[in-house]
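Okay, thanks for coming, everyone. Have a look at the sequence and the model on the screen, and then I'll walk you through some of the details.

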Amino acid sequence: MDLQVITTVVAGLLLAVAVVGTIVPVLPGSLLAIGTLLAWAWIIGSPAAWWCAGIGMALALAGFSASAVLTGRNMKQQQIPRGSIALGIALAVVGMFVIPVLGLFLGFALGLVLGEFARRKDFGAALAASGSALKAMGWGVLVEFGAAALAASIWMIGVITHFMTR
């Protein structure tokens, strides 16, 4: 079997993992997509591969950045300190083992609410701030997922173009 075909199949599988990884935080997401596209273009070496990989990497990087900016900006607006975030992360790790897949999300949300309640001493305000932060995180995940899926689609155009003109 041809090295380019094997490389393309492996890249396709890694991109599928990357797209799913934008939703399931245990798997690598956008960074895996960027690395995969770069390696695929390097090995394939055709102009179509480089163009599509470049566009795909830019999309994945934009999605990764947008996700971080949306979440970070909202947490700053809600004045959520690092302590509440750290508690959310700690309970997310515990939740991941207690309730597979969903426990990660539920643990983070619970930790964020508890951290904010301990700080604000007002459950309604803690719930509102945490809810707003979680909503921003959801939008961030959605944007990152869309960008990674679009990057994978652009890669597919590169695959078709490369192998049709080879």
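So, let's start with a loop: where is Gln79 found? Gln79 sits in the loop between H3 and helix H4, which covers 82–98. Helices here are DSSP runs of H or I with at least four residues, strands are E runs of at least two, and the numbering goes from the N terminus.

Before I go on, a word on the ground rules. This is a predicted model, where local features need pLDDT of at least 70 and side-chain atom pairs count only at pLDDT 80 or more, while totals for chains, interfaces and linings use all residues. Residues are numbered from 1 along each chain as its sequence is written, and side-chain values use heavy atoms, with hydrogens and water left out.

Back to Gln79. Gln79 has a positive phi of about 55°, although it is not a glycine. With a relative accessible area of 59%, Gln79 is exposed; the cut-offs are under 20% for buried, over 50% for exposed and partly exposed in between, with a 1.4 Å probe and protein chains only. Lys121 is another non-glycine with a positive phi, about 60°. Lys121 lies in the loop between H5 and H6, and it is exposed as well, at 66%.

Now to the inside. Which residues touch the most other members of the largest nonpolar core? That core has 16 residues, and the answer is Leu15, Ala33, Leu37, Trp40, Ala60 and Trp155. By nonpolar core I mean a set of buried Ala, Val, Leu, Ile, Met, Phe, Trp, Tyr and Cys residues joined through side-chain atoms within 4.5 Å. Helices H1 (3–21), H2 (30–44), H3 (47–77) and H6 (123–165) each supply at least two residues of this core, and the largest share, six residues, comes from H2. There's also a second, separate core of eight residues, including Ala92, Phe108, Ala129 and Ala133.

Take Leu37 as a close-up. Leaving aside neighbours within four places in sequence, Leu37 is in contact (heavy atoms within 4.5 Å) with Leu15, Ala53, Gly56, Met57, Ala151 and Trp155.

Next, the aromatics. Rings of Phe, Tyr and Trp (for Trp, the six-membered ring) pair if their centres lie within 6.5 Å; planes under 30 degrees apart are stacked, over 60 edge-to-face, and the rest tilted. By that rule there are three aromatic pairs. One of them is Trp40 with Trp155, edge-to-face, 5.9 Å centre to centre and 70° between the planes. That pair links distant parts of the chain, with Trp40 in helix H2 and Trp155 in helix H6, 115 residues apart. Both Trp40 and Trp155 are buried. Trp42 and Trp50 also pair edge-to-face, at 6.3 Å and 70°. Here Trp42 counts as exposed because its relative accessibility is 65%, and Trp50 is partly exposed at 35%.

Last stop: how do H2 and H3 pack? Their angle is about 170° and their axes are 9 Å apart; axes are lines fitted to C-alpha atoms, for helices over the stretch in contact, and angles run from 0 to 180 degrees between N-to-C directions. So H2 is roughly antiparallel to H3, the cut-offs being under 35 degrees for roughly parallel, over 145 for roughly antiparallel, 65 to 115 for roughly perpendicular and oblique for the rest. Among the H2 residues that meet H3 are Leu37 and Trp40. Okay, that's me done.
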